[in-house]
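Please read the following report alongside the sequence and the coordinates.

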Amino acid sequence: MRGGLWQLGQSITRRLAQAEKKVPSRRCFATEGDLKKTVLYDFHVENGGKMVPFAGYSMPIQYKDSIMDSTVNCRENGSLFDVAHMCGLSLKGSDCIPFLEKLVIGDIAGLAPGTGTLSVFTNEKGGAIDDTVITKVKDDHIYLVVNAGCRDKDLAHIEEHMKLFKAKGGNVSWHIHDERSLLALQGPLAASVLQKLTKDDLSKMYFGQFSMIDIGGFPCYLTRTGYTGEDGFEISVPDENAVDLAKQILEKSEGKVRLTGLGARDSLRLEAGLCLYGNDLEQHITPVEAGLTWAIGKRRRAEGGFLGAEVILKQIADGPTIRRVGFISSGPPARSHSEIKNENGENIGEITSGGFSPCLKKNIAMGYVKSGNHKAGTKVNIVVRGKSYEGVVSKMPFVPTKYYKP
């Protein structure tokens, strides 16, 4: 069992590294000496964090407990993740919403103040530049978080279009929150633990909602969201307060919420059927092909107006030629680029993410198949290291989500 867990950790390390290489960002190719550190770096090391390169940062893949144990503990109790390598930014100005809607598929204008949504930055061909969580703080202030490995290209993309927009008289400016850290508190104990650190009533805050509140004595941006499928929060806190807040959260949980690294974060998001950019979502994959059509608001489908709209709206009308689906398989776990065949031995697609589910105790994966082969229950064969193993198309999420909704 110990050897199996070691192999699981090694495979996740390789998969995370592969994901970095696919994202065209110079940060992903940093040498050991170039790696950046979040303000919690020393705290991770003090608590037994095993540090690995990820998206130009030195980040913990796990701590003293195994990746399997950490994954299960998140679902049973809770986890605290350092996600300060990700990039938070604010867009401000009277035209910040129409500006952003030229770049993303979401109906940002239709969001109520204090609410947010998952969305996708697209290119002219309808491909995904990055996925992002966007929150309307108010009509002239948008807060969003983009992926660490995509930071450089995302910021360059936004800046390029902002210059053109402002040259035509648009009123928009931005601020990159490099002065703040980001913590993710996830799991069934997340709300009760965090409630001990704030006077605001968190029971009135639902999935996707945002608030600027005091937590542990520090001014924070709080969003009820996450990347695990569990109830939880992402907390943007000033850098100088990040370690103190992390300590307070862990102390208030009385040992039940644990520091958790990238390894379990990957297992949790895969169990929740969530995309990892660079694996399951890339610049040649559209939101429709990725199963994210729900993120394109009704108004946006009618009006378009975002990059690649012609391609994307045509796919909505006619159907895509490929689709992202989930799999449960036998044999060794399927990995990224594993070939998918139908029962006649014909190639129908490939795996983009896969691994052993610590919670389900079975192999799970996601990938893209040709339309017509995407229905749940469709039998397939997945090629792993030259051998074919039986699999079946399965609905996602693999583990039911527990988002806190009214």
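The sections below begin with the basis of the values and then turn to the structure.

## Basis of the values

This is a predicted model, in which local features need pLDDT of at least 70 and side-chain atom pairs count only at pLDDT 80 or more, while totals for chains, interfaces and linings use all residues. Residues are numbered from 1 along each chain as its sequence is written, and side-chain values use heavy atoms, with hydrogens and water left out.

Strand β14 (residues 322–329) is joined to the antiparallel strand β17 (residues 362–370) by 8 bridges, and F327 has A365 as its bridge partner in β17.

## The open sheet

A mixed, open sheet is formed by 6 strands in the order β10-β11-β12-β9-β3-β13. Its edges are β10 (210–215) and β13 (257–259), each of which has a single partner strand, so one side of each is left without a neighbour in the sheet. Strands β3 (residues 78–82) and β9 (residues 180–186) pair in the antiparallel sense over 4 bridges, with F81 standing opposite A184 in β9. Helix α3 (residues 67–76) lies across β3, β9 and β13, running at about 115° to β3.

## Salt bridges

The structure holds 13 salt bridges, each defined as a side-chain nitrogen of Lys or Arg within 4 Å of a carboxyl oxygen of Asp or Glu. One of them joins D178 and R151 at 2.9 Å, N to O; D178 lies in the loop between β8 (173–176) and β9 and R151 in helix α5 (residues 151–167), so the pair ties together parts that are 27 residues apart in sequence.

Another salt bridge links R224 and D231, whose closest N and O atoms are 2.7 Å apart, and both residues are buried (under 20% relative accessible area, with a 1.4 Å probe and protein chains only; exposed is over 50%, and partly exposed in between).

Note on methods
Two strands pair if DSSP finds at least two bridges between them. Helices (H or I, at least four residues) and strands (E, at least two) are DSSP runs, numbered from the N terminus. Contact means heavy atoms within 4.5 Å. Axes are lines fitted to C-alpha atoms, for helices over the stretch in contact, and angles run from 0 to 180 degrees between N-to-C directions.
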